[in-house]
Structures are given as structure tokens and as C-alpha cells.
Amino acid sequence: MEPDRQSASEQLTYAAVLHWSTIIGFIALIVTFVVYMLGWLPAYVPLDKLPHLWGLSTTEYLKATGTPTGWSWLFMMNKGDFASQLGIAILSGCSIFCIAAIMPAYAKSKNLTYIAICFLEIVVLVLSASGIFGH
Amino acid sequence: MKQRDQAGQHRNFRFLLWLSATALLLCFALPAEAAVVAAKAASTTAWWVWPLSLFVVCFFLGMIAVPAGVGGGVLFVPIVGSFFPFHLDFVRGAGLLVAMASALAAGPSLLKNGMANLRLAMPLALAASISSIGGAKLGLALPANVVQIALGVTILGIAALMLSAKKSEFPHVAQPDPLSQKLGIHGVFRDVISGKDIPWHVHRTPMGLVLFLIIGFLGGLFGVGAGWANVPGLNLLMGVPLKVAAGTSSMILAMASSSATWYYLDNGAILPIIAVPSVIGMMMGARIGAHLLTVLKASVIRNMVIAILLFAGVRTLLKGMGWWI
């Protein structure tokens, strides 16, 4: 019975962190998008120019607009289009928070296999987020 | 009286559904022509028409995706990629976000009521996360028409899979394999209809890991999520009860899509003006879709989704080949 009870406890911890991180992510996504659409923050690429640009490939779009890649958007939050990436980043990071939250339970029960799986999953997600894989 | 009310409600929902389908087809037709104009010359359409159209289309897609048992991404990418003026790179980035957001939103309740199993999801999600980065990297490196052709073929394959795939509510697993035992992958599923607790185990875990490497790669490459492949993989290959397979699929999808989404985000392939209205529209439509599931036959909606996938698959394929711009 013990493993099942422990498994249920992990699931509940994961579910709780997922619930709150997702809510925060969705609120950030909607609020920043409204700010962007209403022009409360100026856009880096003006909205009326986008129909001329969104048919280009990513490479061409970046070249045409001079949009920086990687984490540069975080330092350009005064621009509406970059600010609205905040919610996307929080949602993309939800799994990292959730996995990190259940690791102490695995450590407590000395479940080395799942500690290793969680650690590797976090490494994969963090490396992907870091931009190390390039273009 | 009550029966008449129910019949009336049924008729209303059926009408709503066909209205959605008609609106969806109109949405196909309208931007299709404009897409050509927008791609070649600056569109004369006001910029706000596009995110608004995207929101409306995604709302209807969300309505039919839930009852049909497919993720939003698999409908989103071929339809928006074929009929809107956006480059496929941005559509795939938005598709991943749509798939991930839907899976994240469903996650907490699936985990709480035991419909998703974390110990089953974690190893498979690790395999899928690693390969989805490879898929995303390849997807952004390949010419758009090549990805479009491959996507068209894949979408037609998915439609064929949906037409032919068998399902097993409670697959028989004679003996759990050693790896699943080592990983402690098992559980007890409470069947609400019979009120019984049904213990389950899995088999063929190594094959499952290999399969999820492939599924993750395709998910990252096309930005379509992978619910369409996760569920048959878990249910038919590994012997997971159907409802646990569907719930666990969401958890795997959320983790695997995250790694690919980061890659797209880092490389500037997610435009908020495309991604955000899509996510919001899909989430709102999915809430109505969940209600439709209780009043309409799932098979009717499923057949409609298969028809849409066949149409979108052919359109995507022909667009990739340059035969139907």
C-alpha cells in the first residue's frame, strides 16, 4: 500500500503546483496581451506592419525586423509584443516548477530512479529554455 | 415534458454544432483567398481582422476537439497553416502553445481524480521531451514546403488512424514487464459505471519509450501536439486502461510540448498576435466542447473531425506541393 499512497501524494503535490502556476500563466498571458493590443505599451514591431511580415519565415522575419532572439525579450518588457511573451514563458515553465516540487518527496523515500528521471527532465527543459540548442 | 426539453436541448446543440461546422468552412474559404494576397503583397485587410478570425476559428476548433478526443494542435496546425496568411513556422509555434496550454489546464483535475498517472507519464515524457527538441530544430531548419508536405501526409495518416484504430477499455496485461516493475508503474482505476476498482499494470515499456521518442519528434517537428498518438500508444501497446491513457497523454503532452515551445520561443518563432488569440479561443471553445460531450454522440463529432482532417490534410499536402496555393 505504501508506494500507492506515496504515488498519490506526489500527484496531489504536482497537481497543486500545476494548478497555481497555470492560473498565474494564463492571467499573465491575457493581461499582457490586452496591454499589447490596446497599445498601452508601444510594440517593437508595429501592429499595422505585421500583415506584411507574418508570411515570412522565422529567419526572414527576424532579419527584417531586427527582433532579438533568446532571452532578450525579458529585458525589453517595455514593448507590448515582448511583454506578452511573459505569459507564454510562464506556461512553458510550469512543468519545471511542478517536477521540482515533487523531487523532495522522492528524495525522502530514497527513490533514486525517479529522482534521476525528474532531474533529467528538468535538465532537458532548462537547457531548451536556455537557448543552448541554437537555431 | 422533461423528455421534450431534452430533445429540444439536443436539437439546439446539434444546430450549434452544424453552425460551428458551417462557420468553420466559411472561415476556411474567406482567409484562403486572402492568404495568397497576404503572402505575395501587403494585405489590405486590417491587421486586427486576423487575430479576431483566429480567435473565432479556434473557438470552434476547441468545441469539436474535446468531444472528438483529439488535442487542439492536430486540428490547429493544418487548418491555420493552410488557410491563414501566416508562415508555417509561426503556426507551428502557436500550435505547440495551444497543445501545451490545453494539456496544462486539464492536468490538475486529471491528476487529482486518478485519470492521469505521474509515474507512467514521467519516463515517457522524458523520452518525448528530448526528441521534441530535435523535431523542433529540424522543423525550423527545413524549407516550409517540405514540412508542409510531410505535415499533409501525417495529417492524412492521423485521419486514417482515427478511422481504423481499435480501442480497449481495459486491456489485458498478463505480466508486467521488468522495467515497469522497477519504475513502479501501476495503479488502481475506479470505474464510475461499475463502481469497481480496477488494478492495472503495463507491459512493453521499452517499446513504449522508443515509440514516445518518435511521437515527441513528430510533435516538435509539426507543432501538432501528440494526443492522437499518445493514447493508442499507451492503450494498445502498453496496456493502459483507456481513460488513464487519455489522462496520462495530457501530462506527457504538457511536458514534451514545453521543451519544444521553449525552442520555438528562443528562436523567435512564436508571435503573440498569432499564439495568444489561438490559445484563448481554443480554451473557451473546449469548455463548451466538454458540455457537448454530454449531450451529443461522440461518434458524430469524431466523424466530423475525421472529415475536417482529411480535407485539411489534402489541402496542406497540395499547398506544400505548390498545386493549390
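This is a predicted model: local features need pLDDT of at least 70, side-chain atom pairs count only at pLDDT 80 or more; totals for chains, interfaces and linings use all residues.
Residues are numbered from 1 along each chain as its sequence is written, chains are lettered from A in the order in which they are written, and side-chain values use heavy atoms, with hydrogens and water left out.

**Interface between chains A and B**

- The contact (heavy atoms within 4.5 Å) draws 62 residues from chain A and 59 residues from chain B.
- About 5,400 Å² is buried between the two chains, 70% of it on carbon and sulfur atoms; buried area is the accessible area (1.4 Å probe) that two parts lose on being put together, summed over both.
- One salt bridge is counted between the chains, a salt bridge being a side-chain nitrogen of Lys or Arg within 4 Å of a carboxyl oxygen of Asp or Glu.
- A:Glu10 pairs with B:Arg119 in a salt bridge, with 2.4 Å between the closest N and O atoms.
- On the side of chain B that touches chain A, the residues comprise 42 nonpolar, 11 polar and six charged; Ala, Val, Leu, Ile, Met, Phe, Trp, Tyr, Cys and Pro count as nonpolar, Asp, Glu, Lys and Arg as charged, and the others, Gly among them, as polar.

**Nonpolar core**

- The largest nonpolar core holds 137 residues, and those with the most contacts inside it include A:Tyr14, B:Phe86 and B:Ile274.
- Such a core is a set of buried Ala, Val, Leu, Ile, Met, Phe, Trp, Tyr and Cys residues joined through side-chain atoms within 4.5 Å, where buried means under 20% relative accessible area (1.4 Å probe, protein chains only).
- Not counting residues up to four places away in sequence, B:Phe86 touches residues including A:Trp54, A:Gly55, B:Trp50 and B:Ile274.

- B:Ser131 lies in helix 5 of chain B, helices being DSSP runs (H or I, at least four residues) numbered from the N terminus.
- B:Ser131 is buried, at a relative accessible area of 11%, and a polar atom of its side chain lies 3.2 Å from the backbone nitrogen of B:Phe217.
- B:Ser258 belongs to helix 10 of chain B and is buried at 0% relative accessibility.
- Neighbours within four places in sequence aside, B:Ser258 is in contact with A:Ser92, A:Ser95, A:Leu125 and B:Met100.
- B:Ser258 and B:Ile133 stand 125 residues apart in sequence and 9.5 Å apart in space, C-alpha to C-alpha.

Notes: Buried means under 20% relative accessible area, exposed over 50%, partly exposed in between (1.4 Å probe, protein chains only). Helices (H or I, at least four residues) and strands (E, at least two) are DSSP runs, numbered from the N terminus. A polar contact is a pair of N or O atoms within 3.5 Å; within protein, one must be able to donate a hydrogen and the other to accept it, and residues adjacent in sequence count only if both atoms are side-chain atoms.
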